[in-house]
Amino acid sequence: MKTESPGVGTGPPPGRSGRDAGLRERLEQFSLRIPYRAKLALVWLVIFVIFAVIFGAAQFDTQWMRDNWVFVVKGIWVTIFISVISIFGAVVLATLGSLGRLSKNPIAYGVSGFYTSFFRGTPLIVQLFLIYLALPQVGTNLALQFRDPLRDWIQTVTLLSPVMAGIVGLSLNYGAYMTEIFRAGIQSVSHGQSEAAEALGMTYKQKMRRIVLPQALRVIIPPTGNEFIAMMKDTALLSFLGAAIFWSDPFRRATLLGRADFKNMEALLVAAACYWALTAIFTFFQKKLETRVGKGYVRGGGGAPAAKLSSDLGVPLGHGGTLMNVPGGGPGGGAGMIELPVENEETDR
Amino acid sequence: MIGHNGEVVVHVEDVHKSFGHLEVLRGINMQVHKGEVVVIFGRSGSGKSTLLRCINFLEDPTSGTIEVDGIRLVGGHRTKQQRDNIRQLRIRAGMVFQQFNLFPHMTTIENVMEGPVTVKDTPEHDARAMGLELLAKVGLADKADESPIRLSGGQQQRVAIARALAMEPKVMLFDEPTSALDPELIGEVLAVMKSLATDLHMTMMVVTHEMGFAREVANRMMFFHEGVILEEGPPDQLFNHTQNPETRTFLDAVL
C-alpha cells in the first residue's frame, strides 16, 4: 500500500521513496489546516528575523537607536504638515488645470498644457531647486528693473524658505499629475448630465459646481488619496533644501544624526520606519475612503446606458452595495445599480 | 388649427445645421403657437432631433434665426451677449431627453428643485413646495426623497418632465422621450404628456415615433425628410389623406 500514492491524480515523482511521499502528503494535509493569513504572518516574521540576525551580526547599535529615535520621529509632524498643505495646493491647481485641459479657450488650454507638460516632464528635485535656488536669483535681478513697493515685493515673494519652496514645488508637481486624474474624473461624467444642466439654463460655473464636479469627485477621490501617500514620501526630497532642524523631516534628521555619530544604518532605518508607518496608516484610511465613495450610481441615469455600462463592465444589474439595502425600494427595474470600478490597481488583494 | 389662440411661442426661420460636410438641416421654417402640440417624425438622421436641439441651442445652428417667447437669436456665432440670451431662451424652453439625464447625486425632489433654486434664485422653501406639486402631477409624490436611480425608466422620465416644468417654460421640447423605455413603461410617460397638453394647455414639440399619441394629442404633425419638412398638417391629413409617397411609405412602415 505504501508504494502507492494515496493522493488523487498525481503520484510521487519517480525515484522518490514511498516514505517521502507519505511525509509530503502529511505536510500538505497539515498545511491545509493553517489559515492563509497565519502563513502570511509567518513569512513576514521570518523576513524580520533574517534582517534582525543580519543587523545583529553587523553590530547594530540598538542602544544608540533607543537614545536617538525620538529626535528622528519628531520629523513626522513636518512631513504631515507639508503634505497636507501641499495636497490642498495640488487639488486647487489640478481643478484649474483640468478645467483648462477641457476648455476650448486657447489660452486656458495652452497654459494648462504648458503647465502639465513642464511639471510632469522634469524631475521633482530639479523643480525644487529651481524654486529654492534659481527663483531668488531671477527675483533679485528682476527687482532692479522696478521701483520700491514693487521691487520690495518681488524680492520677498521670490525668496522662499526651504519649507515654503517645498510646499510650492510639491503643489505644482503633484497638481500637474493630478490634473490628469481630475480631467479623467470630469470626463467620466456623462455628456447628458452636462446637457441637462445647460438645458435648465445654468451657466458654466453653475453646471460645474452643482452637477459635474460633485459626480466627478467619486472618481477623483480614491486616486487623490494615492497621490497624497506618494507625496508624503516625496517630502523627504526637501532634505536637500537644508531646512532648520525644527522644520526638518525624518530623513534629514536621520542623515544629520547618522553622519555625526557614524550610525547611518541605525538612523536611516528609523527614518524609513517613520515613512513606512505613515504610509501604512494612511493607506488603511484611504482604503476605507475608497470603498465608501467608490460605491456609486450609474452615470447618466438612464435605463439604456445603465444596461450598456453594465454589460461593458461585466457587472450584473442590481448589484448595488449598500444602496440596495435601503428599505421601501420601488421597482429598481430598468435603472439598475452597479458599483463604479475603483480606479486603483491596489484594490484587489 | 385647433387648440391655440394665435400667439407664436416658437418661431424658426431658415435654420441650417451642418456637421462638417454633412448638412443635417437644410432650411427649416416653422411657427408653433401657444397651446399647440406639434409632433415631429421621420427617419433617423432626418434632422428632427437636431432641430429640437437647435431650438434651445444645445446645438448651434449654422445659420438662421430662432425665437422663443420673444427671445430672438441668430445662429452661427457666440458672443457674451448671445450666451446670456441663450440662457434666457433655455429657461423658456423645457427639454426632456431620450436618456432622462436625471442628476444621480440628488434625490428626486432635489432634481426638480435644482433649476429654480440655482438658475432662478427661487427660495428653497418655495421651490420645494412647487416641486412636490409637480411630482404629484406626474404621479410620483411618494418618491420625492428617493434617489432617481432607484426608479424605473418610466418613473425617471416623469421626474425629468417635472424637472423641466419647474422652470415654468413657455414650450416643452420632447426629444424621443419614450425611445429608451421598456414597452410596458411607455404608456405612463405618454399619459403624463397627454395631461400636460389637455390639462395645462402646454405648448409642446414632440419628436416621437408613437403614432397613437400623435393621432390622439397632436394638433399638427411634421414629417422630416433629409433635413427639410416634407409635409405638415393635422394628424388626419397625414394619416389618412397624404399624397406624398415618402410620408406614405414611412407611415405604412411604423403603423
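## Chain A as a whole

Of the 349 residues in chain A, 37% count as buried. The model described here is predicted. Chain A contains 13 helices and 0 strands, and its pattern along the sequence is α-α-α-α-α-α-α-α-α-α-α-α-α.

Contacts in chain A between residues at least 6 apart in sequence can be sorted by how far apart the partners are. Of these contacts, 74% join residues at least 24 apart.

## Two packed helices in chain A

Two packed helices are described by the angle between their axes and the distance between the axes. For helix H3 (residues 62-73) of chain A and helix H11 (residues 250-261) of chain A, the angle is about 145 degrees and the axes are 9 Å apart. The crossing in which H3(A) passes H11(A) is right-handed.

Which residues of H3(A) meet H11(A)? They are A:Trp64, A:Asn68, A:Phe71 and A:Val72. On the side of H11(A), the residues are A:Pro250, A:Arg253, A:Ala254, A:Leu257 and A:Asp261. Sorted by class, this contact of H3(A) with H11(A) has 6 nonpolar, 1 polar and 2 charged residues.

A:Thr224 is in helix H10 (residues 204-234) of chain A. The relative accessible area of A:Thr224 is 13%, which is under 20%, so A:Thr224 counts as buried. Leaving aside neighbours within four places in sequence, A:Thr224 is in contact with A:Ile87, A:Val91, A:Met178 and A:Phe182.

A:Pro35 lies in the loop between helix H1 (18-33) and helix H2 (36-57) of chain A. Is A:Pro35 buried or exposed? A:Pro35 has a relative accessible area of 52% and is exposed, because the limit for that class is over 50%. From A:Pro35 to A:Ile80 there are 45 residues in sequence and 37 Å in space, C-alpha to C-alpha.

## Aromatic rings

Over all chains, the count of aromatic pairs comes to 14. One of the pairs is made by A:Phe118 and A:Phe119, whose centres are 5.0 Å apart. The angle between their planes is 85 degrees, and the pair is edge-to-face. A:Phe118 is partly exposed at 31% relative accessibility, while A:Phe119 is buried at 12%. These two residues also belong to one aromatic cluster with A:Phe114 and A:Tyr115.

Another pair is found in chain B, where the ring centres of B:Phe41 and B:Phe250 are 5.8 Å apart. Their planes meet at 40 degrees, so this pair is tilted. What parts of the chain does the pair link? B:Phe41 is in strand E3 (residues 37-42) of chain B and B:Phe250 is in helix H9 (residues 245-254) of chain B, 209 residues apart. B:Phe41 is buried, with a relative accessible area of 0%, and B:Phe250 is buried at 7%.

## Charges over rings

In chain A, A:Arg101 lies over the face of A:Tyr109, at 4.4 Å from the ring centre. In chain B, the charged end of B:Arg215 sits over the ring of B:Phe239, 4.3 Å from the centre of that ring.

## Positive phi values in chain B

Most residues other than glycine have a negative phi. B:Phe57 has a positive phi, near 60 degrees. B:Phe57 is placed in the loop between helix H1 (48-55) and strand E4 (63-68) of chain B, and its relative accessible area of 1% makes B:Phe57 buried.

B:Asn101 also has a positive phi, in this case near 55 degrees. The loop that holds B:Asn101 runs between strand E6 (93-96) and helix H3 (108-119) of chain B. With 6% relative accessibility, B:Asn101 counts as buried.

## A buried leucine in chain B

B:Leu51 is in helix H1 of chain B. Why does B:Leu51 count as buried? Its relative accessibility is 0%, and buried means under 20%.

Leaving aside neighbours within four places in sequence, the contacts of B:Leu51 are B:Val12, B:Leu25, B:Ile28, B:Met30, B:Ile40 and B:Phe224. B:Leu51 and B:Pro61 are 10 residues apart in sequence, and their C-alpha atoms are 8.6 Å apart in space.

Conventions: Residues are numbered from 1 along each chain as its sequence is written. Chains are lettered from A and ligands numbered from 1 in the order in which they are written. This is a predicted model: local features need pLDDT of at least 70, side-chain atom pairs count only at pLDDT 80 or more; totals for chains, interfaces and linings use all residues. Side-chain values use heavy atoms; hydrogens and water are left out. Axes are lines fitted to C-alpha atoms, for helices over the stretch in contact, and angles run from 0 to 180 degrees between N-to-C directions. Helices (H or I, at least four residues) and strands (E, at least two) are DSSP runs, numbered from the N terminus. A crossing is left-handed if the near helix is turned anticlockwise from the far one by less than a right angle, and right-handed if clockwise. Contact means heavy atoms within 4.5 Å. Ala, Val, Leu, Ile, Met, Phe, Trp, Tyr, Cys and Pro count as nonpolar, Asp, Glu, Lys and Arg as charged, and the others, Gly among them, as polar. Rings of Phe, Tyr and Trp (its six-membered ring) pair if their centres lie within 6.5 Å; planes under 30 degrees apart count as stacked, over 60 as edge-to-face and the rest as tilted. Buried means under 20% relative accessible area, exposed over 50%, partly exposed in between (1.4 Å probe, protein chains only). A charge sits over a ring if NZ of Lys or CZ of Arg is within 6 Å of the ring centre and within 35 degrees of the ring normal.
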